[in-house]
Amino acid sequence: MTGAVTYSVDGDVAVFTIDNPPVNALSDVVRSGIVGAMNQAESDPAVRAIVLTGSGRTFSAGVDITEFGKPPKEPPLREVNRRCEMSTKPVVVAFHGWALGGGLEMALCCRARVASPDAHIGLPEVKLGLIPGAGGTQRLPRLIGPEAALDVIVPGKPVGAANALEIGIIDRIVEGDLLEGAKAFARELVHSRETPAAVRDRDEKLATARSNPSTFDAHAKELTKRARGLDAPLACVKAVRMALDTPFDEALDKERAIFIELMNSLQSKAQRHLFFAEREAAKVEGVGRDVKPRKICKAAVIGAGTMGGGIAMSLINAGIPVTLLEMNQEALDRGFGVIRRNYDISVERGSLTAEVRDRRMALLTGTTRYENLADAEIVIEAVFEDMAVKKQIFGALNKVAKPGAILASNTSFLNVDEIAATTDRPEDVLGLHFFSPANVMRLLEIVRGGKTAPDVLATALSVAKRIDKVPVVVGVCHGFVGNRMLAARSAENEDLLIEGATPEAIDKVFTDFGFPMGPFAMGDLAGLDIGWRNRKALGKTAAVADALCELGRFGQKTGKGFYLYEAGSRIPVVDPFVGSLIEEKSREAVVNRREISPIEVIERTIYPMINEGARILEEGIAARPSDIDVVWVNGYGFPIGKGGPMFWADHEGLSKIVERLEYWHGRTGKVAFEPAALLKRLAQSDACFE
Ligand code: NAD
């Protein structure tokens, strides 16, 4: 036995406790520890039943994914599972905290499962581009039925204990002492005349589905509708479906083969990269464990528009009371109305109860007076993108905010240091750049100003966690990481139109690449007037987009933009008028329109983004390439299966990218195509970003 699993005996029950901090991953020491404990329990005649539990805050988060891709260590999880399944003494598993992946698969080999009410149970492998590879796709359908198993495996979202009991993953919830409850249950099994059959031998649930496979297929289709080019959700369906008609042991081998194939795929590597990247992003230079976050009990948001409303919702959803400040009562009422309507829609859809809505709304207070922000520990400004207005607001905040209050701006582009300089406490100032819709989108760019204090950053990271955001700390520059790279991409779209492309052809290149929508459909969704106003302020032009805006075509909100939208619909319809307008603009620019290939679109839009990413790294605006990937996947719809722009670039080949950038630079003279020094250096030495 190993120290990672402790063994004790209480009367006739042996207790195996997994002790492998921090999350009781099923590393080789745990696996061999369980096999050793099993040997001991089997050979002790006094032991009549076994309880398997975890120490610390969780049962087990599953296999140790750092072992992936390395030579396998003995014993494999399959062997542990076989021992649990074949045990002559019933094994009861006690879940608390998380019971995930391999942890749950192992538990499915035991005779019964109990859980504390706080437990969360699931098979999240799909999120790493995988399927459960240790029997989960075969045992779960036998335990709870194949359709219910799909509901757990395909989305990969853990279910709470109550739900797990309802669908039959666990047998009982233990309200009091979990271990005592599990032992009591184990003794009941010993004394009952019928111990439950091993899950592998159960067939009732499969028989029902087998008689009507079309219901299963329809359900699977519905669940994979939004798989967006990812292989793993479809592979999960394929594996679960095998349970209906493939003998158990054969299906286990096939499951394993699918798992290994996926593990070696680029998609899964990309998804695993993102898994680690998100965790890595939380590590910030100068913000060690010794830096304690400030206490945040109350927040304020300034501006109740699109972003302010969403930010306020994120905060109250997490139970943080918010005071919302607007210019006047009318604007405040409008903002409150939108928030209320958003919650009402959720209630109508059944995703929120009226009671929760009311509780959240009760946490929201409105005001038009700055004095009423004096008790907030964090204030987030989300007014118009105008430096003069922001400076005026931070000047006012400087007078009323309590000492130590964090003063944040949601600016998309502006210089946070310049904003901070209007206060006499720049150490308390930073950017908190949310993404629209702010109550839904998970990315939060935390903009570290030149003087931002480490504990202010630590607080921002901790607030991000409380409101379920993925934070990435970035430096000050125009547009930070995300919008700066987006600008590099957008600049070229307009020129591609003039040279011969159409909005729908370019959008198709992006959706084929894996983005949920292309840049023109996206522009219509966000509102073309925003960019138009920005361009006017900067003295810039964009022939086609400007012409559309001058015609009042602002996108979805006016029913017309680059596309047409029927009343109440968000589906873009190609508009021949826009086609003629573009041709007219080509003539005006004296450009002979030509065929633009999808490869050219990628080279001229995505390659410059990578180039800008390299510059961002050179300047230290992002701490690491993987931070850029986290930004783009969580904030801009970069396909998860491609791992983010920098990960993708490594696989596309940096020397190829440099060569094509040089080509386009030579042809157009545009700075965006001039390869960054870092990119060139890496390409020359055959190295990668990550
Ligand atoms: P918006 O026009 O929808 O809302 C701005 C709100 O601020 C309005 O309700 C307005 O009445 C209020 N306001 C203006 N001046 C004020 C003042 N002096 N005091 C109090 N309230 C005032 O704008 P938005 O889209 O929510 O953008 C707000 C900020 O968020 C901008 O800095 C923008 O760049 C940034 N941002 C926007 C998006 C987006 O997609 N819309 C995404 C990220 C960041």
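Student: Let me start with one residue. Which residues is Val287 in contact with, leaving aside its neighbours within four places in sequence?

Tutor: Contact means heavy atoms within 4.5 Å. By that rule Val287 touches Arg448, Pro454, Leu457 and Ala458. Before we go on, note that this is a predicted model: local features need pLDDT of at least 70, side-chain atom pairs count only at pLDDT 80 or more, and totals for chains, interfaces and linings use all residues. Residues are numbered from 1 along each chain as its sequence is written, and side-chain values use heavy atoms, with hydrogens and water left out.

Student: Where is Val287 found?

Tutor: Helices (H or I, at least four residues) and strands (E, at least two) are DSSP runs, numbered from the N terminus. Val287 sits in the loop between helix H12 (266-281) and strand E10 (299-302). Its C-alpha atom is 36 Å from that of Asn264, 23 residues away along the chain.

Student: Is Val287 buried or exposed?

Tutor: Buried means under 20% relative accessible area, exposed over 50%, and partly exposed in between (1.4 Å probe, protein chains only). Val287 has 14% relative accessibility, so it counts as buried.

Student: Now the whole protein. How many helices and strands are there?

Tutor: There are 29 helices and 19 strands. Of the 690 residues, 55% are buried.

Student: What do the contacts say about distance along the chain?

Tutor: Take contacts between residues at least 6 apart in sequence. Of these, 72% join residues at least 24 apart.

Student: How do I read aromatic pairs? How many does a search of the whole structure find?

Tutor: Rings of Phe, Tyr and Trp (its six-membered ring) pair if their centres lie within 6.5 Å. Planes under 30 degrees apart count as stacked, over 60 as edge-to-face and the rest as tilted. The search finds 16 pairs. Take Phe515 and Phe638: their ring centres are 5.3 Å apart and their planes are at 80°, so the pair is edge-to-face. Phe515 lies in the loop between helix H20 (503-513) and helix H21 (519-526), and Phe638 in the loop between helix H26 (625-635) and helix H27 (645-652), so the pair ties together parts 123 residues apart in sequence. Phe515 is buried at 3% relative accessible area, and Phe638 is buried at 1%.

Student: Which residues form one aromatic cluster?

Tutor: Phe510, Phe513, Phe515, Tyr607, Phe638 and Trp648.

Student: How many of the residues of H23 are buried?

Tutor: Six of its eight, so H23 is mostly covered. They are Val544, Ala545, Asp546, Ala547, Leu548 and Cys549. These buried residues pack against helix H19 (482-499), helix H22 (528-538) and helix H24 (576-588). Just after H23, Gly552 has a positive phi of about 80°.

Student: What should I know about phi and peptide bonds?

Tutor: Most residues other than glycine have a negative phi, and most peptide bonds are trans. Now the exceptions. Asn24 has a positive phi of about 55°. Asn24 lies in the loop between E2 and H1, and is buried at 2% relative accessible area. Asp468 also has a positive phi, near 65°; Asp468 is in the loop between helix H18 (454-466) and strand E17 (470-475).

Student: Where are cis peptide bonds found?

Tutor: One joins Pro21 and Pro22, with omega about 5°. Pro22 is in the loop between strand E2 (13-18) and helix H1 (28-43). Another runs from Glu74 to Pro75, with omega near -15°. Pro75 is in the loop between strand E3 (49-54) and helix H2 (77-86).
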